[in-house]
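Hi,

Here is the structure I said I would pass on.

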Amino acid sequence: MKRIKAIYPGSFDPPTNGHLDLIERGSKIFDELVVAILRNPEKDPLFSLADRRKMLEAMTAGFDNVSVDTFDGLTVDYALRVEAHAIVRGIRAISDYEYELQMALMNRKLQPDVETVFMLPAEQYSYLSSRLVREIAQLGGSIKGLVPELVERKLREKIDVAHKFANSEPPEGTTPSEGKKKSRKKKA
Ligand code: PNS
């Protein structure tokens with residue numbers, strides 16, 4: 001019998017409970033699911049690729065048919081390379097649909113043999129995004145329940161380091177305001 005393999009591509013910066021929910025759902029309908037982290041040098045991610053990979057590996061350790069990989073270039077080329085039949089994308093709300101539809105149709109134009117499958121995460125994650133998690137964590141808000149505990153810990157560590165850096169003495173030879181400016185720039 002043909003085994004159906006899917007990839008679940010994304011930035012995962014950081015991975016959230018919404019991603020995990022989708023991974024769990026995907027693992028039930030596909031024989032094999034590869035969580036594929038985009039290596040994107042244009043973006044300035046909060047977490048390194050290695051950190052994101054480690055977090056996702058830990059989060060998916062309990063699923064026999066889920067693996068984690070990284071890729072660059074076109075998603076459809078990666079899908080072909082790993083012999084995947086489908087690309088999984090999550091749609092949280094109607095606002096996601098337009099962008100996802102455009103991407104799915106373009107991917108189909110590029111590679112008609114790879115299907116995009118849209119899946120809906122649990123309702124409680126319909127307003128959750130990595131961007132909001134980063135912002136809330138950076139501004140000192142609670143991200144409990146939004147990300148797995150291990151991601152929460154990693155986020156706190158990262159933000160504590162950034163705060164220490166921002167509050168440290170300005171480098172010698174700079175005025176306090178220059179020092180502050182430099183620290184803020186590094187934090188962004
Ligand atoms: O988690 P994200 O940032 O929403 O994921 C977006 C991602 C990685 C799926 C998308 O940017 C992508 O597929 N990038 C790879 C380059 C590519 O294939 N571009 C053409 C898309 S039609």
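Glutamate 83 sits in the loop between α3 (75-81) and β4 (86-90), where helices (H or I, at least four residues) and strands (E, at least two) are DSSP runs numbered from the N terminus. Its phi is near 60°, a positive value in a residue other than glycine. Glutamate 83 is exposed, at 63% relative accessibility (exposed is over 50% relative accessible area, buried under 20%, partly exposed in between, with a 1.4 Å probe and protein chains only).

Before I go on: this is a predicted model, with local features needing pLDDT of at least 70, side-chain atom pairs counting only at pLDDT 80 or more, and totals for chains, interfaces and linings using all residues. Residues are numbered from 1 along each chain as its sequence is written, and side-chain values use heavy atoms, leaving out hydrogens and water.

Now to the loop between β1 and α1, where you'll find phenylalanine 12. Phenylalanine 12 is not a glycine either, yet has a positive phi of about 50°; this one is buried, at 2% relative accessibility.

Last, the surface. Which helix gives the most to the nonpolar patch? That is α4 (residues 94-110), with four residues. Phenylalanine 118 lies in strand β5 (residues 115-119) and is partly exposed, with a relative accessible area of 31%.

Cheers
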